[in-house]
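Subject: Handover of a structure and its findings

Dear colleague,

Please find below the structure that I am passing on to you. My notes on what was found in it follow directly after.

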Amino acid sequence: MFKLILSYLPSIIIPTIITIVTTIVYGNYMNPTYYGDYNLFINTVSIINLLIFSFITSSIVRFYNRYKVNNNQSELISTYFFVTLGIFLIVTILAYPFLKEQSFYLGICTACLAFFNLFSNLLRVSESVKWFNCIKIMVPLCTLLIILMFIFLDELNTVVSIYAMYLPMAAVSLILTITFVLSKQINFSLNFSLLKQTLYYGYPLALSGLLNQLLSSSDRYIIKYFLGSKEVGLYSFSYRIGELAMINIMMIVMMALYPQLVKTFELKGKEKAEYLLSKYLGVHFLTSIPVIFIIFIFIDKVMEIFFPVYSEGALITKLIPIGILFFTTSAYTSKAFELTNNNQKMLGILFLCGVINFLLNILLIPKMGVYGAVTSTIVCYVIYILISIKVSKKFFNIRIPYKDISYILILNIFISIIVILLMSILSTSLEILNVLCGVSVYLLLYTAIIYFLIKKKLFTIK
């Protein structure tokens with residue numbers, strides 16, 4: 001299990017480092033108002049992508065192996081490619097009379113994201129790990145280079161950031177399209193039966209993804225309405241810090257998990273899949289919980305050093321990872337519905353939580369500001385996870401490793417006390433050195449103790 005997870009590390013670790021550098025650049029060269037408008041735009045693109053394209057990309061992992069067995073994967077790839085292209089052209093043309101030039105910009109950016117996700121999933125499911133890692137690294141690297149170029153030429157604003165975000169996706173998608181055409185994996189062998197299956201399987205997933213996106217990002221639109229773009233920028237930037245740490249860890253595990261979970265479910269049955277999901281949930285908490293503690297201890301200094309313009313958002317950054325922990329956990333509990341084709345039940349739960357989240361945001365944001373949004377996020381994801389576990393018991397048993405979670409929490413509290421005491425004794429006048437030493441000591445202690453506990457079989461994680 002760990003070997004498979006490690007093979008995907010470059011696609012997460014290196015882009016995360018690049019994105020951290022990019023975030024530092026944003027924190028020093030882009031004011032919160034511009035960042036708020038930029039964040040609203042990319043959230044809108046994500047919502048459109050989920051609504052009209054993601055039913056295809058979410059189905060690739062499910063159906064690819066069926067076609068590969070008969071050496072018909074080119075039929076699947078061609079069908080998905082031309083359907084994606086057709087949807088982009090039709091939707092952009094239909095939207096133009098209403099949105100004018102904005103429909104063109106939104107359409108192009110959404111298509112860039114859709115094709116990039118299409119090829120990324122194809123590379124992942126075909127186990128082309130090297131090329132998957134390559135494109136996942138190239139896109140954020142090119143984004144950073146474009147941003148740095150514009151900083152020297154002009155100020156960093158919303159439009160420049162949008163170009164930097166989506167142009168690399170377009171370039172990579174174009175190169176991969178040519179590569180797939182030359183290798184005859186994209187041709188005109190369309191399969192309408194596959195498309196029907198994809199709609200049946202993928203669209204409930206797309207709607208669940210859409211509801212999830214609305215659940216996690218609708219607060220930005222409400223903050224914009226009540227508080228303005230600057231507060232959106234402060235909240236979004238703080239959320240971004242938490243995302244870099246928490247969601248990227250979840251993605252490493254999930255990239256390895258889902259294809260294996262599908263194979264296990266189809267070849268070995270439900271009980272083996274339940275066991276595998278439980279093991280990966282253990283890895284999820286093992287890697288995510290220490291990140292929350294590290295952020296809580298060190299984020300004040302990090303914000304002061306690297307993001308002085310956004311330093312007032314340090315408290316938000318401390319609280320947001322708690323919400324993100326529950327958000328990332330919900331990605332695991334959702335797999336019970338996806339595997340057993342009970343997506344409608346998942347949609348119902350997401351819709352209920354989305355309504356609760358919207359009402360809480362409307363109620364709390366005017367009174368508590370951005371902290372109301374954080375509170376709403378935590379409450380709604382806790383509700384989602386609890387309901388998911390209860391509802392899914394009828395067809396898939398989600399086993400949360402409560403014993404391991406308790407050990408991990410106690411261990412991190414213990415290590416936090418040690419690190420805080422050491423920092424107070426050994427602190428220097430150079431703040432960045434204090435942070436680096438503190439984080440290093442924390443990670444070394446945690447890794448060593450966890451390794452010892454797993455080796456002595458005190459954890460159920462293997």
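Rings of Phe, Tyr and Trp (its six-membered ring) are counted as a pair if their centres lie within 6.5 Å; planes under 30 degrees apart make the pair stacked, planes over 60 make it edge-to-face, and the rest are tilted. In this predicted model, such ring pairs join Y26, Y35, Y38, F237, F306, F307 and Y310 into a cluster.

**Basis of the values**

Residue numbers start from 1 along each chain as its sequence is written. The model is predicted, so local features need pLDDT of at least 70 and side-chain atom pairs count only at pLDDT 80 or more, while totals for chains, interfaces and linings use all residues; side-chain values use heavy atoms, with hydrogens and water left out.

The term pLDDT stands for the predictor's confidence in each residue, from 0 to 100. Its average over the protein chain is 86, and 94% of the residues score at least 70. Helices are DSSP runs (H or I, at least four residues), as are strands (E, at least two), and the numbering runs from the N terminus. Among the elements of the protein chain, the highest mean pLDDT, 94, belongs to helix α8 (residues 158–182), and the lowest, 62, to helix α1 (residues 2–7).

**Aromatic pairs**

The structure holds 20 aromatic pairs. One of them is formed by F119 and F180, which are tilted at 55 degrees between the planes, with 5.2 Å from centre to centre. This pair links distant parts of the chain, since F119 belongs to helix α6 (residues 101–125) and F180 to helix α8, 61 residues apart. Both F119 and F180 are buried, where buried means under 20% relative accessible area, exposed means over 50%, and partly exposed lies in between (1.4 Å probe, protein chains only).

The rings of F327 and Y381 also have their centres 5.2 Å apart, but their planes stand at 65 degrees, so this pair is edge-to-face. F327 is in helix α12 (residues 314–333) and Y381 in helix α15 (residues 370–392), so the pair ties together parts that are 54 residues apart in sequence. F327 counts as buried because its relative accessibility is 17%, and Y381 is buried with a relative accessible area of 0%.

**Salt bridges**

Side chains of opposite charge can pair when their charged atoms come close. A salt bridge is counted when a side-chain nitrogen of Lys or Arg is within 4 Å of a carboxyl oxygen of Asp or Glu.

- K270 and E274 meet at 3.1 Å, N to O. K270 is partly exposed at 37%, whereas E274 is buried at 8%.
- D300 and K318 have their closest N and O atoms 2.6 Å apart. D300 lies in α11 and K318 in α12, so the bridge ties together parts that are 18 residues apart in sequence. D300 is partly exposed at 31%, while K318 is buried at 14%.
- E431 and K301 meet at 3.6 Å, N to O. This pair links distant parts of the chain, with E431 in helix α17 (residues 431–455) and K301 in α11, 130 residues apart. E431 is partly exposed at 32%, and K301 is partly exposed at 33%.

**Charges over rings**

A charge sits over a ring if NZ of Lys or CZ of Arg is within 6 Å of the ring centre and within 35 degrees of the ring normal. K318 has its charged end over the ring of F296, 5.0 Å from the centre. R220 lies over the face of Y239, at 4.6 Å from the ring centre.

**Surface**Patches consist of residues with over 30% relative accessible area and no salt bridge, with like charges joined within 9 Å and nonpolar side chains (Val, Leu, Ile, Met, Phe, Trp, Tyr) within 5 Å. Accessible areas come from the Shrake-Rupley method with a 1.4 Å probe, and for residues only the protein chains shown count as cover. Y225, F226, L227, F351, V355, F358, L359 and I362 form a nonpolar patch with about 810 Å² of accessible area together. The elements that give two or more residues to this patch are α9 (192–227) and α14 (343–368). The largest share, five residues, comes from α14. L227 is located in α9 and counts as partly exposed at 35% relative accessibility.

Yours sincerely
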